Amino acid sequence: MALLEVRNLSVDYLTDDGTALHAVEDVSFSLEQARSLGLVGESGCGKTTTMLGMLRLLPAEGRIVSGEVRYRSLQNAHSPRLGGVPREVDLLRLSEREMRKYRWNRIAIVFQGAMNALNPVRRVGDQIAEPIMLHGAVDRTTASERVVELLELVGITPEMARQYPHQYSGGMRQRAMTAMALACSPDILIADEPTTALDVMIQAQILDLFQHLQEQLGLSIILVTHDLGVVAEICDDVLVMYGGRTAEYASVDTIYNEPLHPYTQRLMEAFPDIDSPALKTSLASIPGYPPPLDALPAGCRFEPRCYCKSDICAVESPPLLAVKPGHYVACHQVRD
Amino acid sequence: MEQFKEIWRTFRRRPMGIVGGLTLLSVVFVAIFAPWLAPYDPDEKIDVEPGDLLAPPDAGHLLGRDDAGKDVLSQLIYGARVSLTVGFVASFMSMFIGTTVGLVAGYYGGRIGNALMRLVDFLMVIPDLPLMLVIISLWGRGLWKIILVIGLLGWTYTARLVRSQVLSIKERQFILRARAIGAGSPRIIARHIFPQVLPIILAEAVLSISGAIIAESSLSFLGLGDPTLISWGMMLNFAFERAISRMAWWFLLPPGFAIIWVSLGLVLMGSTLEEIVNPRLKSHHLFDARRMVALVAGESANQRVNE
């Protein structure tokens with residue numbers, strides 16, 4: 001079995017008047033060790049919600065309606081808090097106390113806009129040491145040695161550990177957060193928009209760092225992004241989300257070379273091709289906006305913006321079907 | 001600690017705050033060194049001539065004598081001890097309760113938070129002084145009873161203030177990150193939220209000391225003070241009952257001015273601190289022209305040193 005398997009995860013947000021908005025519906029994917037998955041889609045299509053749901057970190061209005069998040073830890077021997085026994089668990093069925101032992105220790109997450117994820121009034125080094133001491137049951141000296149190691153790994157001089165977040169540049173804060181994410185040697189690193197708001201040079205540095213870590217530590221990465229260039233560079237598999245549902249799920253080569261879902265196709269066309277820029281004189285865009293959660297279309301979520309819809313699309317939601325082994329598409333038009 | 005250095009850097013450039021701080025320090029100094037500063041023991045039984053009663057100021061008694069022939073200046077000096085004890089202890093109690101209630105109500109919210117805030121509303125609606133009067137007259141007079149009553153009734157505003165801050169802090173991303181590293185709620189409150197509200201509590205504490213001192217003085221003035229101790233309020237009470245008809249202003253005015261002196265100092269200092277740490281009262285940095293100039297001057301000075 002895979003390291004992590006998410007099956008049919010659905011998340012609702014409850015509004016004040018009690019209506020449930022379906023933010024994520026029926027999303028499934030799996031992640032093998034040392035592989036990486038890209039989660040792509042426009043803003044507001046449920047990428048971050050899926051990740052927060054997996055870790056049960058949803059805001060108070062969020063409800064996990066159904067699904068399983070099966071996780072098989074391989075390296076529990078290194079985690080005293082988990083009793084050193086490898087086992088398979090459904091993260092959604094754990095008690096809150098149990099769940100806390102898995103967070104960061106086995107699955108770490110670097111949030112969107114990670115520069116704001118540091119507490120402004122505490123030293124960066126102390127903040128990186130916090131999860132180490134929390135999960136590793138180690139003393140302060142051991143923890144600060146580890147902090148030095150981690151900072152070197154992400155290319156920050158150890159003296160900077162004594163500085164406060166405001167003394168760091170944006171890119172350094174991002175790297176400090178990555179260092180913190182690696183503090184407990186997790187199996188899985190979730191990186192939510194790790195490169196947004198960073199300049200191209202820093203972006204490249206962060207991405208190199210991820211690839212390097214993956215090779216060196218056997219880390220599995222889930223990359224949430226809308227930057228398809230980043231996905232092509234790092235990911236093995238890609239899950240395209242639209243309106244809270246899976247549109248297409250396949251290997252990165254399949255997604256880039258033979259996308260089947262109209263949304264994926266349009267996304268690809270909306271992206272510049274650096275090798276043959278002359279072939280595309282202007283970039284395509286997808287007219288319209290993703291559906292708002294309180295007015296989701298009755299049928300296919302993409303139907304209002306789709307260029308090859310038929311009558312059934314407006315009525316019935318297309319099921320996610322395997323067109324080939326490992327290539328899943330939810331579209332009425334590609335059924336045959 | 002960085003945040004306190006930052007606050008101090010701003011604070012020391014505010015004349016109002018510095019004046020307030022020095023005013024408070026003078027009273028603290030008098031209270032600590034009372035036995036050395038006071039020319040007489042205020043409790044000493046002395047033999048008095050009839051002419052000594054309410055004698056006006058002279059060389060031996062700079063502020064004259066009270067209706068029992070005792071030195072007013074010495075009473076005033078020892079009175080500082082009572083006022084400051086009541087002020088500091090009651091304020092610490094209020095801050096402790098208010099902060100705890102505010103943190104819990106703000107962080108957990110829901111039913112617990114609602115219940116706590118309704119209790120706060122309830123206590124806020126009742127006017128403090130009449131309630132204190134009723135409690136003290138039922139319970140009896142005594143220094144610790146007064147401290148307890150003031151401390152237990154004075155925490156409501158702090159609770160609201162802290163709660164409102166917590167509500168905003170807990171939505172910030174580093175709190176989500178703290179949850180993501182597997183930290184439990186008590187840890188998040190203690191390590192990540194409390195340090196953020198601490199400066200605000202500090203400013204509020206300074207203001208609340210003056211509130212407590214005034215409350216104690218009012219109670220004593222109304223005759224509900226600790227009968228075994230001479231506090232400024234008590235002096236006012238005696239003076240008002242026995243000296244005013246004899247035009248003995250030297251007995252009435254000093255305790256009044258002492259109360260004004262210490263509360264003014266605390267309020268000046270407290271509001272300056274509050275202005276620095278309370279985001280709602282903070283003026284935009286661009287409007288504070290003097291500070292920007294000082295900053296630039298400081299920077300170029302640093303550069304010169306580095307070169």
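In chain B, 73% of the contacts between residues at least 6 apart in sequence join residues at least 24 apart; two residues are in contact if their C-beta atoms, placed from the backbone, lie within 7 Å. This is a predicted model, in which local features need pLDDT of at least 70 and side-chain atom pairs count only at pLDDT 80 or more, while totals for chains, interfaces and linings use all residues. Residues are numbered from 1 along each chain as its sequence is written, and chains are lettered from A and ligands numbered from 1 in the order in which they are written.

**Chain B**

Chain B has 13 helices and zero strands, so its pattern along the sequence is α-α-α-α-α-α-α-α-α-α-α-α-α. Helices (H or I, at least four residues) and strands (E, at least two) are DSSP runs, numbered from the N terminus. Of the 307 residues in chain B, 41% are buried. A residue is buried if 20 or more other C-beta atoms lie within 10 Å of its own, exposed if 12 or fewer, and partly exposed in between, with C-beta atoms placed from the backbone.

Helix α8 of chain B covers residues 156-169. Its 14 residues should span 20 Å at 1.5 Å a residue, and the end C-alpha atoms are 20 Å apart, which agrees; the expected span is 1.5 Å times one less than the number of residues. The buried residues of α8(B) are T156(B), T158(B), A159(B), L161(B), V162(B), R163(B), Q165(B) and V166(B). They pack against α4 (72-108), α5 (110-125) and α10 (185-221) of chain B.

α4(B) passes α8(B) in a right-handed crossing. On the α4(B) side the contact includes S94(B), G98(B), V101(B), G102(B) and A105(B), and on the α8(B) side T158(B), L161(B), V162(B) and V166(B) are among the residues involved. By class, this contact has ten nonpolar, six polar and one charged residues. Ala, Val, Leu, Ile, Met, Phe, Trp, Tyr, Cys and Pro count as nonpolar, Asp, Glu, Lys and Arg as charged, and the others, Gly among them, as polar.

| Helix pair | Axes come within | Crossing angle |
|---|---|---|
| α4(B) and α8(B) | 7 Å | roughly 35 degrees |
| α3(A) and α4(A) | 9 Å | roughly 115 degrees |

Axes are lines fitted to C-alpha atoms, for helices over the stretch in contact, and angles run from 0 to 180 degrees between N-to-C directions. A crossing is left-handed if the near helix is turned anticlockwise from the far one by less than a right angle, and right-handed if clockwise.

α3(A) also passes α4(A) (residues 140-153) in a right-handed crossing. Here G125(A), I128(A), A129(A), I132(A) and M133(A) of α3(A) meet A143(A), S144(A), R146(A), V147(A) and L150(A) of α4(A). The residues of this contact divide into seven nonpolar, two polar and one charged.

**The A–B interface**

Between the chains, 20 residues of chain A are in contact with 15 residues of chain B. On the chain A side, α2 (96-102) and α3 (124-136) each supply at least two residues. The largest share of that side, four residues, comes from α3(A). The chain A side has eleven nonpolar, five polar and four charged residues.

**Sheets of chain A**

An open sheet of eight strands in chain A has the order β6-β7-β8-β3-β9-β10-β12-β11, with mixed pairing. Two strands pair if DSSP finds at least two bridges between them. β6 (107-110) and β11 (321-324) are the edge strands, each pairing on one side only. Neighbouring strands are turned by 20 degrees against each other on average, direction ignored. Within this order, β3 (residues 36-40) and β9 (residues 237-242) pair in the parallel sense over four bridges; L39(A) has L239(A) as its bridge partner in β9(A).

A four-stranded open sheet of chain A, with antiparallel pairing, runs β2-β1-β4-β5. Its edge strands are β2 (20-31) and β5 (88-90), and the twist averages 10 degrees from one strand to the next. β1 (residues 4-14) and β4 (residues 62-72) pair in the antiparallel sense over eight bridges, and Y71(A) in β4(A) is the bridge partner of L4(A).

**A buried threonine in chain A**

T178(A) lies in helix α5 (residues 170-181) of chain A. It is buried because 24 other C-beta atoms lie within 10 Å. Leaving out residues up to four places away in sequence, T178(A) touches V110(A), V154(A), I206(A) and L209(A). V154(A) is 24 residues from T178(A) along the chain, and their C-alpha atoms are separated by 7.4 Å.
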